[in-house]
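Subject: Structure handover

Hello,

Here is the structure we discussed. My notes on it follow below the entry.

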Amino acid sequence: MPDDHSLKASIGQVSQQAKPIVTVFGDGQLARMLQPAAAELDIHLRILASSGEQSAAQVIPDVVLGDYHDYDTLVGASQDADGLTFEHEHVPTEHVQALIDAGYNVQPQPSALLYAQDKLLMRQKLAELGAPVPRFAAIETVADALDFFGLVDGRVCLKARRGGYDGHGVWFPEAHELESLVAKLLDAGTPLMAEEKVTLTRELSVLVARRPSGEVKAWPITESVQRDGICAEAFAPAPGLSPELAERAAKVGELVATQLGVTGVLAVELFAFNADAGEDIAVNELAMRPHNTGHWTQDGSVTSQFEQHLRAVLDLPLGATDPLAPITVMANVLGGSADPEMPMRQRVREVMERYPQARIHLYGKDYRAGRKIGHVNVVGTDVAKTRRIAADAAHFLVHAEWAEA
């Protein structure tokens with residue numbers, strides 16, 4: 001009969017062997033926020049990080065250091081993994097395909113991911129599927145830009161086809177600057193597209209998850225508020241959204257997830273605008289990973305986007321997406337113009353004292369103006385009151401002073 005020590009060792013080995021392993025290519029806050037969900041499901045999470053000081057590397061013990069552009073590094077981080085996934089869209093497509101060819105379970109796959117990597121390909125594919133999109137065009141010459149400018153009466157949004165986020169890689173040129181801007185960008189080797197700028201009533205987001213065997217689940221439609229090109233607030237369910245438009249938006253999300261073969265969490269960012277028949281929608285961007293507009297699900301949904309993403313990567317049954325309250329508000333904590341003298345730990349304490357209902361999520365990042373360093377979630381029954389509490393809590397974490405008197 002084995003002694004107590006050997007029995008414990010045996011149990012430990014069995015437990016370790018039974019754990020599914022998921023490798024995440026990326027080291028930011030999205031990878032960091034996968035860790036609590038992984039721990040609760042007894043999933044072993046591993047990350048590929050650029051350094052040990054990065055947000056996710058601070059809280060995930062299994063860290064492989066290296067450059068995601070290097071295929072051998074990707075292979076090293078993938079050893080024995082049951083699933084590979086991403087927290088950004090920048091891993092080279094040819095490397096991802098090589099991992100699949102080598103037998104690794106990669107989710108989402110490059111056949112879907114390329115539509116999040118290239119905005120022009122995304123627009124072309126969505127138009128082919130019949131999803132609502134603004135008028136758009138490839139911009140390969142200054143003449144292309146001038147032609148499109150005339151077609152849409154100057155309502156032009158110029159975008160870098162690859163790599164832009166949080167307002168980067170997006171321009172709204174006036175007539176007098178269009179030629180010089182396009183020439184400058186093309187000369188610098190920036191692939192471009194243009195789309196018609198719509199008159200927004202608000203911005204919406206459809207968050208859905210799909211697993212490889214085909215099951216799809218969607219959360220309630222989210223409304224977001226952008227400031228300086230960065231998401232400042234998100235709240236769900238989107239207030240005042242007609243049942244018909246909510247259903248249409250959800251169908252767009254399911255269409256995109258199914259037809260593109262997306263696996264994991266998909267965020268479909270939408271423009272809402274006034275049309276002849278009332279409020280209408282058009283697709284803005286796609287993100288095939290957990291998304292800023294879905295952070296409210298951590299505290300406001302039966303299943304968070306982070307748990308759902310892990311379930312989907314491993315082809316586990318998806319969790320319920322019902323909201324836990326009439327309204328959940330997420331307010332981003334964005335670095336201000338100056339960092340207050342009050343230490344963040346004291347700011348957190350002050351917010352806890354004033355707003356015990358506020359759920360604070362910090363990313364372990366140093367201050368930098370405009371940088372996402374955390375967010376606050378608040379659930380409630382009244383939209384205006386809940387937004388005020390979340391905004392005031394986030395404001396104090398940034399400025400060490402209350403916005404509310």
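Setting aside neighbours within four places in sequence, Phe-25 is in contact with Leu-48, Leu-74, Ala-77, Ser-78, Leu-84, Thr-85, Phe-86, Glu-87, His-88, Val-91 and Leu-99 (contact means heavy atoms within 4.5 Å). This is a predicted model, where local features need pLDDT of at least 70, side-chain atom pairs count only at pLDDT 80 or more, and totals for chains, interfaces and linings use all residues. Residues are numbered from 1 along each chain as its sequence is written, and side-chain values use heavy atoms, with hydrogens and water left out.

Phe-25 also belongs to the largest nonpolar core, which has 42 residues; Phe-25, Leu-266, Val-268, Leu-286 and Met-288 touch the most other members. The biggest contribution to this core, 6 residues, comes from helix H9 (residues 243-260). Another core of 20 residues lies apart from it, with Val-22, Val-24, Ala-38 and Ile-60 among its members. A nonpolar core here is a set of buried Ala, Val, Leu, Ile, Met, Phe, Trp, Tyr and Cys residues joined through side-chain atoms within 4.5 Å. Buried means under 20% relative accessible area, exposed over 50%, and partly exposed in between, with a 1.4 Å probe and protein chains only. Helices (H or I, at least four residues) and strands (E, at least two) are DSSP runs numbered from the N terminus.

**Helices H7 and H8**

Helix H7 (residues 142-151) packs against helix H8 (residues 175-187) at an angle of about 145°, and their axes are 9 Å apart. The axes are lines fitted to C-alpha atoms, for helices over the stretch in contact, and angles run from 0 to 180 degrees between N-to-C directions. From H7, Val-142, Ala-145, Leu-146 and Phe-149 meet Ala-175, Leu-178, Glu-179, Val-182, Ala-183 and Leu-186 of H8. By class, this contact has 9 nonpolar, no polar and 1 charged residues (Ala, Val, Leu, Ile, Met, Phe, Trp, Tyr, Cys and Pro count as nonpolar, Asp, Glu, Lys and Arg as charged, and the others, Gly among them, as polar).

**Glu-195 and the annotated site**

The unreviewed UniProt entry lists residues under "binding site", including Lys-119, Lys-159, Glu-195, Asn-284 and Glu-285. Such annotations may be inferred rather than shown by experiment. Glu-195 lies in strand S8 (residues 192-196) and is buried, with a relative accessible area of 2%. Beyond four places in sequence, the contacts of Glu-195 include Arg-123, Arg-135, Arg-155, Lys-159 and Asn-284.

**Backbone points to check**

Two cis peptide bonds come up. One runs from Gln-107 to Pro-108, with omega near 0°; Pro-108 is in the loop between helix H4 (93-101) and helix H5 (110-117). The other joins Ala-236 and Pro-237, with omega about -5°, and Pro-237 is in the loop between strand S12 (230-236) and H9.

Asp-80 is not a glycine but has a positive phi of about 65°. Asp-80 sits in the loop between helix H3 (71-78) and strand S4 (83-86), and is exposed at a relative accessible area of 65%. Asp-153, also not a glycine, has a positive phi of about 55°; its loop runs between H7 and strand S6 (156-160), and its relative accessibility of 62% counts as exposed.

**Phe-235**

Phe-235 is in strand S12 and is buried, with a relative accessible area of 2%. Among the residues that Phe-235 touches, beyond four places in sequence, are Ile-221, Val-225, Ile-327, Val-329 and Arg-387.

Regards
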